[in-house]
Amino acid sequence: MAVLESRLPFRRVFARITEGIDPGLLIIMLSLSLLGLATLFSASYENPGRVVNQAVNLAVALAAMWLIAQLAPQTMMRFAVPAYIIGLCFLVAVALFGDVVNGARRWLHVGVTRFQPSEMMKLALPLMLAWYFHRKESTLNLRHFAVGALILLVPFGLIVRQPDLGTAALVGAAGFYVIFFAGISWKVLATVAGLGMAVLPLAWGFLHDYQRRRILTLLDPSTDPLGAGYHIIQSTIAVGSGGFSGKGWLNGTQAHLEFIPERHTDFIFAVFSEEFGLIGNLLLLILYSFLIARALMIANSAATVFARLLAGAIALMFFTYAFVNMGMVSGILPVVGVPLPFLSYGGTALLTLFIGAGMLMSVHRHRRLVQT
Amino acid sequence: MPSLLGTAELRNSERELQQFQLRVGVAGVAVLVAFCLLAARFFYLQVFQHDVYRAKAEDNRISIVPVLPNRGLLLDRNGVIVARNYQGYTLEIFPRKVASLERTIDELAELVDIQPRDRARFRKLLAETRNAESLPIRSRLSDEEAAKFAANRFRYEGVELKARLFRQYPYGDVGSHILGYLGRINTADQTRLEEEGLDANYRGTDFIGKAGVEASFEAELHGTTGFEQVEIDAAGRGIRTLSRTASQPGNNVTLTLDMRLQRVAEIAFGERRGALVAIEPSSGDILAMVSKPNFDPNQFVDGIDPQYWAELNGNIDKPLNNRAISGVYPPGSTFKPFMALAALETGKRRFNSTIHDPGYFEFGGRRFRDSKPGGHGTVDLYKSIVVSSDTYYYQLANDMGIDAIAAFMKNFGFGARSGIDLAGESTGVLPSPEWKLKRFKRPEQQKWYAGETISIGIGQGYNSYTPLQLAQAMATLVNGGTMYKPRLVAQVDNPRTGERRVVDREVNTRVRFRPEHVDFIKRAMAGVNKEGTGARAFAGAQYSSGGKTGTAQVIGMKQGEKYDEAKVAERFRDHSLFIAFAPLESPKIALAVIVENGGFGARAAAPISRTVLDYFLLGKVPAGLTMPTPEDEAAEAEESD
């Protein structure tokens, strides 16, 4: 009896903690993160401290996810405008007095630490757009989509100018997904796409040299075997030599002989792929598919316009990260700075992903109860 | 909400939802298609092309080897090289390639000389740098040793002879706190480099500036690492070089320091503990900066010997601390000239105001004693500095009040970091009611008591400043109120392009003291060296100079108790201070000296100042020291290039 009674509060505490946490999402994300830690261990044999750091990052991200999951979508809606405006202010601040690292102005010092405000925009922009379209519910017309496009283009332009094409593409994609889900007509989409194709040669002129080189080397990596082409050649060799079942954990020669640059961050997939082979890759694709499917399901049953747009955008954001990164490492997309979700080393990206998941959980908890 | 919407809008709303669900379906299909594309690509690479890529991975024998840049030189203001590089051979072990480290080292010991301290250092390195590729067991091999090993190389798997550049400080421990030293890149450094995106440029670099200018100008000194494409064999040994991108040497950094003056100053200190800072008043350039005891930075060059490290760290004198910027001391009577200027500038005293000094100042029923029992009789402002009357300044402090004192002393940089390009600068304490409020927690401690103001006047109480602040204040006073940011580096030269960047002189604060006030204080300080407390130290000087002695209490004396040096343990004896400038007209040098536990200012610190000024103004070299001629140094410089 006594034992049973003493257990009760535990159960209640447990129930309180798990309240609002979607077990499906959490299990998939934790599986991915654990795969990530294992790969990171192999990728950073010269600095094992990284695995510990990443575990700490993971704990912080989980805590952030839990906090966000406790909020109601209505509460998040109230943060949409301030978050967007603060994000914009930070981006302007970066443009004015940011730190220059590797020739790009991306970092902003805040007190003792520094961060990349563009990272914040990855969630702030979809929040803002979802808020905007929510307010115009049922009266949507082309003008509103034009305003939406403007909301998207301002931060997008600022990030392109840093220059940080990878992040700009991700932020732009996140915003685009909201506009897409809000119901912009296929005709308008097709027109914009056509126009975009037409000005593409023009945009080429605005690219930085290193950006052009990256695109050119994608077409023929052998033109630049020491620079950007080197990344692609070596990571493709890593993936290809992994074969059907991989070389085994900690046995990747490409990674351990230091042929793969950035092997713990953007190119961690090369290490994974070399050591776990096609089987590992397919497992990864399946895990990501489950994650995205679950997120789309949540979007489908969301209670409000805001909630469903936000959830839909986050679902496709997971997809974009995964697709762009794996595509780049396996040599079908240009090299841009996009981390592999849940696997790449780095606290900020992880935090963004888990906060996104927290938002999904909140949307799910306040879902539409009667299906229409 | 829905009740407020019209039916048309309700219908719109529903249509939007249906459209959304349709688009979720479209998105799902798109995701599936994209992932299938990836899966197809993986299948192509990992199954179809697997053999091709497996062969490529096995043939992946082109290694990118970093080509290390030469670290920039450090030079003094006259172009004398004070830190340079030389090439030497090291014997390095690849821990992952040898079966037993102990056995390998034992076998090596048969061939080359390996001392127990080499083994101890190797073990320390192994423990500190996890997973390093290779670690040195011996450095600076003689040519004979290098040749011997080269001939027997085949016997030692996992051991290599490497040619590396080493840092050398030709003047040994002279100026060690300013030059600093290099140390092996540790895990913390590695993480910092990665965060700053510099890790690629540090590939292959083992050492990084850890202290002094070596650390604060690391970014200038390091240079840009080049790369070599090397074909390697199965064991990872280089066969031939395919292409090469040259490294670019680091920039040469020219200090404002005069190394010869620095040497004279250090010799003048002898074995005593303390610090000296000499500044050019017209520019804020640091001419010399001594902190004693010091250390030999050459000992750090190839991974410090643990025994020497323990000696430095365990030493109660803390030789690694730069006392000149991180040590804080009460200024004692050296504070009086600044108080006197404050009195003139604020109108609290005039040149001819006199007081009667009975040997004490009474306040609130408490007697503040003068260091001279019986007092100095009638004292005016001039005499107050020359004879160093305490009573005069007790009274002055009381008349001015703490707020006015604190406000005026800010003009000299007291209690504020100067911003010098060295890590570890202390703030010091410029006492004020605001400071006390922040410093203490309990309300009764936070309150400023009027009685506390009295001893501030003679540089005691909460007053505590770094020797740099004192020298900076001296320089600011004699130049009439411009406080320069102390400049340690004059220029940075790119040895390849010849491009030169001059480091700008910066002004921290600028005020204009009345010239007649400044002249008065300077004359009074000249009086100190002619007929006052500094007269003995400056007897027979062939130039005009001004000075002020100071004695700072280390332990508090009870009221009525008399300080008896013989009875006080060495470490509790008073600190000896002296501030000075010379010549009287348009001074070229301002300095502050502190000798820890040196007793009266006139005894220890003043003679050191005399030696330094004698050398600086007359070129007089102290007995027992031979200075290399500029020709010698030029020859030496050529040799090291």
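Guide: Two residues are in contact if their C-beta atoms, placed from the backbone, lie within 7 Å. The model is predicted: local features need pLDDT of at least 70, side-chain atom pairs count only at pLDDT 80 or more, and totals for chains, interfaces and linings use all residues. Residues are numbered from 1 along each chain as its sequence is written, with chains lettered from A and ligands numbered from 1 in the order in which they are written.

Helices here are DSSP runs (H or I, at least four residues), numbered from the N terminus. In α12(A), residues including G277(A), L285(A), I292(A) and N300(A) meet residues of α1(B), among them Q21(B), V31(B), F35(B) and V47(B). By class, this contact has 16 nonpolar, seven polar and no charged residues; Ala, Val, Leu, Ile, Met, Phe, Trp, Tyr, Cys and Pro count as nonpolar, Asp, Glu, Lys and Arg as charged, and the others, Gly among them, as polar.

Helix α12 (residues 268-300) of chain A and helix α1 (residues 7-48) of chain B have axes 10 Å apart, at an angle of about 175°. Axes are lines fitted to C-alpha atoms, for helices over the stretch in contact, and angles run from 0 to 180 degrees between N-to-C directions. The pair is therefore roughly antiparallel, the term for angles over 145 degrees; under 35 is roughly parallel, 65 to 115 roughly perpendicular and the rest oblique.

Within chain A, helix α4 (residues 73-97) and helix α5 (residues 117-135) pack at about 140°, with axes 8 Å apart; α4(A) and α5(A) are therefore oblique to each other. Their contact has 18 nonpolar, two polar and no charged residues.

Notes: Helix = DSSP H or I, 4+ residues; strand = E, 2+ residues; numbered from the N terminus.
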